[in-house]
Amino acid sequence: MKPKRIVIAAGHYPDRPGACYNDLVEHDEAVKVVGHLKRQLETAGFEALVVSGHLNKKIAEVARLSPDATVEIHFNAATDPHAHGTETLYGSNPEDKILAQHIQQKLVDILRLRDRGVKDTAERFAWIRENKCPSVIVEPLFLSNADEAAMLKLISVEIPEIIALAVELGIEDFFKDEGGRMKDENLQNPRLKLPPKPPKPEPPSEITVKEGILGPKEQIKHNHSQQIKQIGRKEIE
Ligand SMILES: [Zn+2]
């Protein structure tokens, strides 16, 4: 069988390298992970291709390569230096979420940092929005957190290599997972098979009448009084 083609990229690019905290530069650290990840994917039998440069260029390259999945490596940062942990971002394609869950699981199992979960980015990131195959963004740890940044500076353990291993194992799990992902013909373009989005729930109709004005309680129907109670509570909040 033809090997699965995975396109990987480091977030940002040398001229605008992303977050810089604790003497670490996001793009540089991501490049290290990508180097290890390429080798690990190839060892596992994938075809691994790296795209680099400006985001639009990377996305155009991905379209040309039409891979089976893409992963972009970033590192997180926050103004709160206590923010910490691992998260993986996905978009509206259901396959994105499954890929994110597998990668997140392996990252959490292996890095043992706080599990911040997988996050629906509501298509905010072009990497996820524009790439037409399962695509995620990985945020293994916070550069802005001194303890987590220190991990990347360890000499005894090559943390970028450990991160890469976790991502590779997550990608493997994704393709082993049930649902026909091993059968190419079923997933030529999963985005075309997206079910229509469910309609947004109707906002509750506004009730402007306060309980006191409505008169005796017994005249108020049960569900009505429930609604009023809820609204009353909202007003207190
Ligand atoms: Zn970033």
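**Burial and overall make-up**

I began with burial: 35% of the 237 residues of the protein count as buried. The model is a predicted one, and I read every entry below with that in mind. I then listed the secondary structure and found seven helices and eight strands. For contacts with a separation of 6 or more, I noted that residues 24 or more positions apart account for 76%.

**The sheet**

I traced the strand order next. Six strands form an open sheet, in the order β4-β1-β5-β8-β6-β7, with mixed pairing. β4 and β7 (115–120) are the edge strands, each pairing on one side only. From one strand to the next, the twist averages 20°. For reference I recorded that strands of a sheet pair through backbone hydrogen bonds, either parallel or antiparallel.

**Strand β1 and its two partners**

I looked at β1 (residues 5–10) in detail. β1 and β4 run parallel and are joined by four bridges. Within that pairing, Ile6 stands opposite Ala48 of β4, and Ile8 stands opposite Val50 of β4. β5 also runs parallel to β1, and five bridges join the two. On the β5 side, I found Ala10 opposite Ile73.

Why is β1 described as largely enclosed by the rest of the structure? The reason is that five of its six residues are buried.

I then checked which helix lies over this part of the sheet. α2 lies across β1, β4 and β5 (69–73), and runs at about 175° to β1.

**Ser52**

I placed Ser52 in the loop between β4 (47–50) and α2 (55–65). Ser52 has 15 C-beta neighbours inside 10 Å, and therefore counts as partly exposed. Its contacts, leaving aside neighbours within four places in sequence, are Ala9, Ala10, Tyr13 and Lys58. I also took the C-alpha to C-alpha distance from Ser52 to Gly11, which is 8.7 Å across a sequence separation of 41 residues.

**Helix α3**

I tested the length of α3 (residues 94–111). Its 18 residues, at 1.5 Å a residue, should span 26 Å, and the end C-alpha atoms are 26 Å apart, so the two values agree.

Which residues of α3 are buried? I listed Glu95, Asp96, Leu99, Ala100, His102, Ile103, Gln104, Lys106, Leu107 and Val108. I noted alongside this that an α-helix has 3.6 residues a turn, so residues three or four places apart point the same way. The cover over the buried residues of α3 includes β5, β6 (86–90), β7, α4 (126–130), β8 (135–139) and α6 (159–176). After α3 comes Arg112, with a positive phi near 60°.

**The nonpolar core**

I looked up the largest nonpolar core, which has 48 residues. The members that touch the most other members are Ile6, Ile8, Val34, Val71, Ile103, Val136 and Val167.

**Positive phi values in loops**

Asp23 has a positive phi near 60° and sits in the loop between β2 (20–21) and β3 (24–25). Is Asp23 buried or exposed? Asp23 counts as exposed, because 9 C-beta neighbours lie inside 10 Å.

Ala122 likewise has a positive phi, near 50°. Its place is the loop between β7 and α4. With 10 C-beta neighbours inside 10 Å, Ala122 counts as exposed.

**Ser144**

My last entry concerns Ser144, in the loop between β8 and α5 (146–152). Ser144 counts as buried because it has 22 C-beta neighbours inside 10 Å; the cut-off for buried is 20 or more. What does Ser144 touch, not counting residues up to four places away in sequence? I found Ala19, Tyr21, Ala77, Ala78, Pro81 and Ala83. The C-alpha atoms of Ser144 and Leu24 are 9.1 Å apart, although 120 residues separate the two along the chain.

Methods
Residues numbered from 1 in each chain as written. Predicted model: local features only at pLDDT ≥ 70, side-chain atom pairs only at ≥ 80, totals over all residues. Buried ≥ 20, exposed ≤ 12 C-beta atoms within 10 Å, placed from the backbone. Contact = placed C-beta atoms within 7 Å. Pairing = 2+ DSSP bridges. Axes fitted to C-alpha atoms, helices over the stretch in contact; angles between N-to-C directions. Expected span 1.5 Å × (residues − 1). Core = buried A, V, L, I, M, F, W, Y, C linked by C-beta atoms within 7 Å.
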